[in-house]
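Look at how two protein chains meet. The report below goes through their interface, then turns to the aromatic rings.

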Amino acid sequence: MATFFGEVVAAPSRAGVDDEEEAAAEREETPEDREIRRELEKKREVHILWSSKLSASTGSFTDEQFPCSKFILAIGHNAVAFLTSFVLNSGCWEAVGSVKLWNEWCRTSNTTSVLPTDAFCLFYKLISDPTVLLCQCNCYVAEDQQFQWLEKVFGCMREEDLQVTILSTCPVTDYKTPESTLTLPSPFLKALKTKEFKEIVCCPLLEQPNIVQGLPAAVLSYCQVWQIPAVLYQCYTDVIKLDTVTIEAFKPVLSSKNLKSLVKDMSKSTEILKKLVTTNEIHNNIYT
Amino acid sequence: MFVPCGSSAAPDFEGFTLLLPAVSVGNVGQLAVDLVIFTLGMPKVGYFYTDCLVPMVGNNPYATAEENSTELSINAEVYSLPSKKLVVLQIRSPFVKNKYRSFCQTLLSWVKSSRCAKVILLSSSHAYQRDDQQLHGTPLRYLLSPAIQKTAGDLMQRLNWKEMEKVAAYPGVNDADMVLRIPGGGITTLLFNESCSNGIQMAVLVKFCSEGDNIPDALALVNYLNEWLQLIKSEQNSDVPATPSQWKIPHSWRLLFGSGLPPALY
């Protein structure tokens, strides 16, 4: 098709299968192709590494499942910073695992002392109640890795009245509204919940025609299909980087049934938050 | 895999017609399926849980009132209307890279295990790839697998439908080898060829179109389908095909081209 300026541009196909891809698939796959494909799949595999602390506290876990009653998942740096400042600050949590993955956008680090600019995906358990699991996912999980991530994480849990809470952010320009997105009072929170989730939701539900994609959508889909009560709190923001206003937009979630009991001391939170954002600015500066 | 909603037993689809879209140019098949589900008020009976489609969730796209607007929907769901022996699979997102073949296999094995009588695939193809002959006349085409030729072949003649033309495999070089090509049709050709090889009764309905506002294309395709299945009848005269206004547009079709514009632009 020709654009306004007269150049010929191939329109992206909504068909989902490019003609080149289809032509490539029609050719017989040589042993070398198969080997390359296998190597690439192996490189993109998602691995979850659980520490021995998990088995020590629950007494039994090696490759077996561990009981889980609450799973709190933060996806993206703002949601992760929120949980770090308001929930993990109480000092009652212990790091018990991490996800090792690689894709074109990131490679996760294995250490537990991480900077906001690092790519990581770490699991923490509550010392006083080891069935409460928290995950800080500060890395990009590619489309072809999301299902694997999901099956491996949930595959390790033995659900005991499991309730799942997911926190995530996305650009306000993705939000569909009859008015312009420029007039919206961002950041703002919207929620989506599965059929089994019966608790009160801390903000308005996300109305059609809006949808959610990516890892939050993968987790929520899993919970809807397998009838697990789950809620996603999505913060629409106009700031891409780590930002205190966006992080604080998640505050209403602290009054939810699943998080209320986990928040101990809010007085230190603002300080921790300021430190996180400042550290991020320093490390993001190209001159350091 | 098919996972039924709730804790009730899996529904029985034996003898049903399975209707599904191909993710194709203009998303015409998917839009047409939306019209069928919403107009007939088909209830959701299950999910097609797969790692082959990009994940996506949203609230009920077919909500009619406050009460049913908060039911979560995922990327592939199954709806059923036993009174019309119709089961519909709606697909709402594109394939994960290199997973489309795997999806075809999973889908066809579900078709076989659920013992559906026939499968109707709604699809579309790039209008700009039409040859000189195809530029004239109707932009709608059909295809029948050998297994369904016996039962539906005569009806296609009576309806005066046009079969999808084959094209030369090597145009200009050798015009003897003719193959089926549906550019922009996504997995249509693959699914059709696999159905032919496996004795599955499959019909494909295709509309030539371009990317843009594809609502008129969806209405044309769903009316084409209705000529065969008679899902809705025209109010005045049952011989006259249903007018576009009798298909109900779901609220999820709002804002198809994005949010409102900033007033400061003007």
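## Charges across the interface

There are 0 salt bridges between chain A and chain B. This is a predicted model.

Polar contacts tell another part of the story. Across the interface of chain A and chain B, 11 residue pairs are in polar contact, with both residues at pLDDT 80 or more.

## The side of chain A

Which elements of chain A give two or more residues to the side that touches chain B? They are α1 (19-26), α5 (143-155), β7 (188-193), β8 (211-213) and α6 (214-225). The largest share comes from α6(A), with 8 residues. By class, this side of chain A has 21 nonpolar, 12 polar and 12 charged residues.

## Extent of the contact

Chain A puts 45 residues into the contact, and chain B puts in 49 residues. Interface size is often given as the accessible area lost when the parts come together. Between chain A and chain B, about 3,800 Å² is buried. Carbon and sulfur atoms give 58% of that area.

## Strands that pair between chains

β8(A) pairs with strand β4 (residues 56-59) of chain B. The sense is antiparallel, over 3 bridges. Val212(A) stands opposite Val57(B), which is in β4(B).

## Aromatic pairs

Over all chains, the structure holds 25 aromatic pairs. One of them joins Phe38(B) and Tyr62(B). This pair is stacked, at 6.3 Å centre to centre and 25 degrees between the planes. Phe38(B) lies in helix α1 (residues 28-40) of chain B, and Tyr62(B) lies in the loop between β4 and β5 (72-73) of chain B, so the pair ties together parts 24 residues apart in sequence.

Technical notes. Residues numbered from 1 in each chain as written. Chains lettered and ligands numbered in written order. Predicted model: local features only at pLDDT ≥ 70, side-chain atom pairs only at ≥ 80, totals over all residues. Heavy atoms only, no water. Contact = heavy atoms within 4.5 Å. Buried area = accessible area lost by both parts, 1.4 Å probe. Salt bridge = Lys/Arg side-chain N within 4 Å of Asp/Glu carboxyl O. Polar contact = N/O pair within 3.5 Å; in protein donor to acceptor, adjacent residues only side chain to side chain. Helix = DSSP H or I, 4+ residues; strand = E, 2+ residues; numbered from the N terminus. Nonpolar A, V, L, I, M, F, W, Y, C, P; charged D, E, K, R; others polar. Pairing = 2+ DSSP bridges. Phe/Tyr/Trp six-rings, centres within 6.5 Å; stacked < 30°, edge-to-face > 60°.
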